[in-house]
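Visitor: I would like to learn how to read the features of a structure one at a time, with the general idea before the particular case. Could we begin with the way burial is judged?

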Amino acid sequence: MRLFLHQLRAEQLLFWRSRELAFFTFLLPIVFYFLLGSAYGDEEVNGVDGYKYLLGGMIGYGAAATTFAGLALILVIRRESGVLKRLRATPLPGHTYIEAVLASIIAIFVLEAVILVLIARVAYDVALPSSLISFAVVLLLGSAAFAALGIALTTVVKSAEGSSAVVNAIYLPVAFISGAFFAEDTFPAALRAIGSILPLSHMIRLCRDIVVYDSTVWDHLTDVAVIAAWGVFGLLVALRGFRWEPRER
Amino acid sequence: MNAVEVSGLQKAYDGVEAVRGIDFELRTGEVFGLLGPNGAGKTTTVEILEGYRQRDAGDVRVLGVDPERDGRDWRARIGVVPQEGELFPTLTVLEHLRLFAGYYDRARPVDEVVRLVGLEEKAESKVRTLSGGQKRRLDLGVALIGDPELIFLDEPTTGFDPGARRAAWQTIRNLRALGKTILLTTHYIEEAQQLADRVAVLRRGEIVASGTPADLIAGAASTVVSFRRNGEEVVIETEEPTRVLHELTSQALQNGHELVGLEVHRPTLEEIYLSLTEDQETRPE
């Protein structure tokens, strides 16, 4: 436990010291909430207030940006720079290290989600989620699944130089197709079909249902199952292919 | 007890034999130099000892433990300076040392390590502002923070200018004086000669010579006597330099010649090393 807390503190220091990463993963969803909100926040989307509707999308986008994209970038860069390999030569157990990295990025996402909800409440007069327990369950389920997929992604990204291009090329289109920025009802059928199998669309739907329509997580077990299935898939890939050592040169 | 014992060690990558059955040992408290050109198998050998790679055959004991069955306690007793690799650009020297100190139950005081590796002036600087040599010293500091008994230094001074190299050598001598056992790999002969109590020369995965640097020189090929006669260079290699010189000089005195440019030359460790490794083609390690 002492080692876990020691590493968790270090991970927090490292995350906030890395300005670019903190901006693109933590701050950007908040910036987008203001930007998109100013574009169509005052309109009605699917019968609800635009700010309210957008909040679910931004929380889902935040989950993908931090626990999927951010985590994958952190781990690839550390692997390729030899930091992970060096840690293997210390008494810090590998599982403790991974647990601390996960706890750190999930905590960052939860903070981001809470800030989004508070901005919505204070600036746009959006009511707080009626079921805070459901909200918390969705945040933890979603971030755990995306973190597993983020670690899985590190197994296919070969170099630090290309990592941010590859990661962005995956998670930005996914966020778009999943309806993080706009209501996906207006998308062509093919795009909607793709979106419907992606975990982010289910995450966003869950967030919306809980934030906007005051339902609970128990009313949407299909979405929960899809997200969990993706998480298990990510976990299996991660367990099979995760490497501590940089690519051979 | 020996700090490291290696016998019959073999390792191949995709059918290419990188290490072909080598034996050596490190006595506790000595500096042991593993010499060889790039691709000779140095890093493979060291990474097997550090527990990073699995061997194909042979027996390895590092501090009495098989590195393939390493545990936390064992890792606390070794220090590793890898050949390449970065640290965190956004953390300072002190933050790195505190971070790594936290991994050990009995870490060496951070200030002491800063002094030991000579980074007092840069203690509060972020790693991205350090020079290459300063980063390398921090690598060493990170490896020393757990106060290890055995330290692996994989090409610790590659890319250093001569001044920085001498400073690094002094640090390594200080570590030896503290009673540490050190395994040093290098392709700089002078480095091995300056630091190592004993060396082994690796060539294509095999040890082709081992012993103290003085042993290698003493056991090496003959003495070379050379001079010029009628503008032609005459070179005589001999196991009996005294007799050869006596004959040459007494003849010259009788005939009233001068032996122009007379030299008697013992091979240096570098020449011995080069003759041992000369037909090694360069292969990636």
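Guide: A residue is called buried if 20 or more other C-beta atoms lie within 10 Å of its own, exposed if 12 or fewer do, and partly exposed in between, with the C-beta atoms placed from the backbone. The model is predicted, and local features need pLDDT of at least 70, side-chain atom pairs count only at pLDDT 80 or more, while totals for chains, interfaces and linings use all residues. Residues are numbered from 1 along each chain as its sequence is written, and chains are lettered from A and ligands numbered from 1 in the order in which they are written.

Visitor: Why does Pro89(B) count as partly exposed?

Guide: Pro89(B) falls in that class because it has 15 C-beta neighbours inside 10 Å. Pro89(B) lies in the loop between strand 5 and helix 3 of chain B, where helices (H or I, at least four residues) and strands (E, at least two) are DSSP runs numbered from the N terminus. Two residues are in contact if their C-beta atoms, placed from the backbone, lie within 7 Å; leaving aside residues up to four places away in sequence, Pro89(B) touches Lys126(B), Val127(B) and Arg128(B).

Visitor: How many helices and strands does chain B have, taken as a whole?

Guide: Chain B has 10 helices and 12 strands, and its C-alpha trace spans about 80 × 45 × 35 Å along the principal axes. Of its 285 residues, 34% count as buried. Among contacts in chain B with a separation of 6 or more, 67% are between residues 24 or more positions apart.

Visitor: Is strand 7 of chain B largely enclosed or open?

Guide: Strand 7 (residues 181-186) of chain B is largely enclosed by the rest of the structure, because six of its six residues are buried. Thr181(B), Leu183(B) and Thr185(B) point one way, Ile182(B), Leu184(B) and Thr186(B) the other way, and all are buried. Leu184(B), for its part, has contacts that include Val31(B), Phe32(B), Leu153(B) and Leu195(B), not counting residues up to four places away in sequence.

Visitor: Which strands pair with strand 7 of chain B?

Guide: Two strands pair if DSSP finds at least two bridges between them. Strand 3 (residues 31-35) of chain B runs parallel to strand 7 of chain B and is joined to it by five bridges, with Val31(B) opposite Ile182(B). Strand 6 (residues 150-154) of chain B is also paired with strand 7 in the parallel sense, over five bridges, and there Asp154(B) has Thr185(B) as its bridge partner.

Visitor: What does an antiparallel pairing look like here, for instance between strand 8 and strand 9 of chain B?

Guide: Strand 8 (residues 198-203) and strand 9 (residues 206-211) of chain B are joined in the antiparallel sense by five bridges, and Arg203(B) stands opposite Glu206(B). The hairpin has two residues between the strands, and Arg204(B) takes a positive phi near 45 degrees. Elsewhere in chain B, three strands form an open antiparallel sheet in the order 11-10-12, in which the edge strands, pairing on one side only, are strand 11 (232-238) and strand 12 (260-265).

Visitor: Where do chain B and chain A meet, and how many residues take part?

Guide: In the contact between the chains, 18 residues of chain B meet 16 residues of chain A. Helix 2 (72-76), strand 5 (78-81) and helix 3 (93-101) of chain B each supply at least two residues of the side that touches chain A, and helix 2 of chain B gives the most to that side, with three residues.

Visitor: Is helix 1 of chain B mostly covered or uncovered?

Guide: Helix 1 (residues 42-49) of chain B is mostly covered, with eight of its eight residues buried, among them Lys42(B) and Glu47(B). Gly51(B), whose phi is positive, near 90 degrees, follows helix 1 of chain B.
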